[in-house]
Amino acid sequence: MRFGPLMAILLGVFALAQPIVPLAIAPVYAQDHAEIPPMPRPRPDRDGRPAITPPEVSPDNPATEAITAITSAPQPVTLTALITPDSAPITEGLVWRIFDATPAANGEIAMAAKSEDGTARLSLPPGEYLVHIAYGRAQISDTLTVNPGDNQKTYILEAGALRLNAAVTGDIPIPPDLLSFEIFTSSDEATRTPVAQGVQPNEIVTINSGTYHVVSHFGAINAVVRADLQVEPGQLTDATLYHLASQVSFKLVSEAGGEAIADVDWTIKTSDGATIFTELGAFPTTVLAEGTYLVLAKQGDQVFNREFEVKPGPPQDIEVLTTAF
């Protein structure tokens with residue numbers, strides 16, 4: 001045919017104008033099962049993209065220096081504390097200690113600032129800190145984040161107060177110089193932690209709210225009373241503990257009601273033989289819990305003794321006669 005050579009030439013020219021794409025020829029078969037879903041579109045090859053190298057920033061770049069100066073310069077920090085969320089700010093009696101949140105290489109945490117003002121006004125570089133606040137024996141620890149600009153934060157102590165006193169059963173007053181108290185956490189005896197020791201009667205002790213184990217000492221021997229007390233936030237708890245004990249004085253006499261003999265060595269033993277008191281003198285005085293005791297009075301080579309009983313009540317005198325052995 002006449003068009004045969006022309007068609008062959010045109011096809012050859014078209015083929016030269018197009019990219020050569022190899023074709024895979026495969027037979028087509030009829031399908032009895034469901035139609036194959038369309039294949040997903042190919043995604044671009046992320047690994048094939050050219051790498052973009054960020055511009056290097058010189059540490060001596062003025063812009064870098066300016067940013068460093070802004071982010072490390074001390075910023076104003078104002079800290080206040082409340083006893084309860086509804087109370088007024090505490091104006092005195094606070095001790096603020098601010099520590100770096102990141103320990104040093106030796107494991108110690110450095111103190112960054114300290115203040116004893118009611119409102120702590122400090123200057124600290126931006127960063128994370130630990131704040132310890134003490135108010136009497138109440139204390140809390142919390143965090144602080146310092147950002148560029150003015151920083152203000154208020155802390156809630158949830159603190160209360162405890163005022164202790166004691167008396168002999170029957171509301172018999174006890175001389176204050178013979179009383180002292182200890183305050184412990186309320187955990188079991190093996191794990192109790194002292195909170196305050198040597199507390200005097202009617203002394204107001206500021207502590208965190210919670211339950212505490214209180215020990216009252218009447219004298220220095222065995223007159224001890226214990227109690228668990230609850231301290232409420234923002235409140236003063238008054239407590240009086242009652243002792244089953246008495247203040248006891250001794251004297252060695254040649255007859256009932258006679259004058260006390262001087263230079264006597266005194267020893268007091270419990271009913272099971274334990275020695276709980278010794279003293280040299282004519283008229284020793286001590287405090288004993290109720291119970292039965294034995295007193296020994298030694299003068300020279302002679303020893304005189306007497307068994308006696310202590311009952312709760314006012315001070316009592318115990319006479320030891322030289323006619324009793």
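1. Two strands count as paired if DSSP finds at least two bridges between them. Strands themselves are DSSP runs of E with at least two residues, helices are runs of H or I with at least four, and both are numbered from the N terminus. With that in hand, look at the open sheet of four strands in the order E18-E17-E20-E21, where the pairing is antiparallel. Strand E18 (275-281) and strand E21 (302-310) are its edge strands, each pairing on one side only. From one strand to the next, the twist averages 20°; axes here are lines fitted to C-alpha atoms, and angles run from 0 to 180 degrees between N-to-C directions.

2. A quick word on what you're looking at. This is a predicted model, so local features need pLDDT of at least 70 and side-chain atom pairs count only at pLDDT 80 or more, while totals for chains, interfaces and linings use all residues. Residues are numbered from 1 along each chain as its sequence is written, and side-chain values use heavy atoms, with hydrogens and water left out.

3. Now zoom in on E20 and E21. Strand E20 (residues 291-299) runs antiparallel to E21, and nine bridges join them.

4. What about the rings of Tyr-293 and Phe-308? Their centres are 5.7 Å apart and their planes sit at 25°, so the pair is stacked. (Rings of Phe, Tyr and Trp, the last by its six-membered ring, pair if their centres lie within 6.5 Å; planes under 30 degrees apart are stacked, over 60 edge-to-face, and the rest tilted.) Tyr-293 belongs to strand E20 and Phe-308 to strand E21, so this pair ties together parts 15 residues apart in sequence. Both Tyr-293 and Phe-308 are buried, meaning under 20% relative accessible area with a 1.4 Å probe, counting protein chains only. Ring pairs also link Phe-250, Trp-266, Tyr-293 and Phe-308 into a cluster, and the whole structure has four aromatic pairs.

5. Strand E2 (residues 94-100) pairs with strand E5 (residues 127-135) over seven bridges, and Phe-99 has Leu-130 as its bridge partner in E5.

6. Finally, the whole chain. It has two helices and 22 strands, and buried residues make up 30% of its 325 residues.

How values were computed
Buried < 20%, exposed > 50% of the residue type's maximum accessible area, 1.4 Å probe, protein only.
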